[in-house]
Amino acid sequence: MSLKVSIYSDYVCPFCFIGKDQLEKAIKETDIEVSVEWRTFELRPKPLAQLDPNNDTSKLSLWKQVIYPRIEAWDINMKLPNVSPHPYTDLAHEGFYYAKAHGKANDYNHRVYEAFFQEDQNIGEIEVLTQLAKEVGLNEDEFKDALVSRKYSPTRMKALEHANREANITGVPTFIIGEERINGVVDKGTFEKVLKQESDKLKAFGISDMQCSIDEGFC
């Protein structure tokens with residue numbers, strides 16, 4: 001039985017990219033069977049004003065004092081994207097649901113993050129997203145049509161409602177690993193400990209233990 005991991009994130013969130021990197025490295029190190037489910041969250045949905053970290057002293061300071069030291073210490077390939085302002089992510093998330101419907105959710109997710117934080121690509125543009133979708137093996141014409149028609153907008157809105165009202169997500173990244181909830185970024189070592197802890201719980205209360213017996217049990 002695989003350990004379930006839910007990740008609430010947004011494509012323009014640098015801490016989400018850092019957390020994604022550290023979790024993926026931890027999963028490889030522990031060799032635990034994990035089922036990852038990406039969940040939609042938009043930090044600045046329309047009509048909120050777009051942020052422009054490249055021209056915001058406080059945001060530049062955050063990168064200098066907090067983000068860059070971590071990506072250097074943790075050996076993460078990323079940088080402050082030279083995209084001004086940072087794009088809305090509604091279309092990118094809708095593209096994710098198309099990718100998910102066609103079995104390419106993880107590949108698409110990885111490629112969008114990579115395009116923004118490593119390649120300075122504007123992931124708010126349909127043409128850019130369509131090219132990224134093509135690169136991970138999705139049908140570019142169908143993908144573009146889905147974004148233009150806003151086919152997955154209801155799905156995205158439902159996911160946002162879930163995040164806000166049911167999961168009580170107030171910031172990203174948020175990782176739910178088994179029964180453990182991690183708000184914000186932690187390093188690979190911390191993820192490894194939590195993965196092992198929750199994996200051990202799963203084994204202790206696995207399917208084989210979920211039965212009633214004459215002598216003892218939960219019944």
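Modeller: Buried means under 20% relative accessible area, exposed over 50%, and partly exposed in between, with a 1.4 Å probe and protein chains only. This is a predicted model: local features need pLDDT of at least 70, side-chain atom pairs count only at pLDDT 80 or more, and totals for chains, interfaces and linings use all residues. Residues are numbered from 1 along each chain as its sequence is written, and side-chain values use heavy atoms, without hydrogens and water.

Biologist: Why is Glu37 called partly exposed?

Modeller: Its relative accessible area is 22%. That lies between 20% and 50%, so Glu37 is partly exposed.

Biologist: What makes Glu37 and Arg39 a salt bridge?

Modeller: A salt bridge needs a side-chain nitrogen of Lys or Arg within 4 Å of a carboxyl oxygen of Asp or Glu. Here N to O is 3.6 Å, so the pair counts.

Biologist: How do you know that Glu94 and Arg150 meet in a salt bridge?

Modeller: Their N to O distance is 2.7 Å, so the pair passes the 4 Å limit. The pair links distant parts of the chain, 56 residues apart.

Biologist: Is Glu94 buried or exposed, and why?

Modeller: Glu94 has a relative accessible area of 1%. That is under 20%, so Glu94 is buried. Arg150, at 29%, is partly exposed.

Biologist: Why is Arg165 called exposed?

Modeller: Arg165 has 66% relative accessibility. That is over 50%, so Arg165 counts as exposed. Glu161, at 42%, counts as partly exposed.

Note on methods: Helix = DSSP H or I, 4+ residues; strand = E, 2+ residues; numbered from the N terminus.
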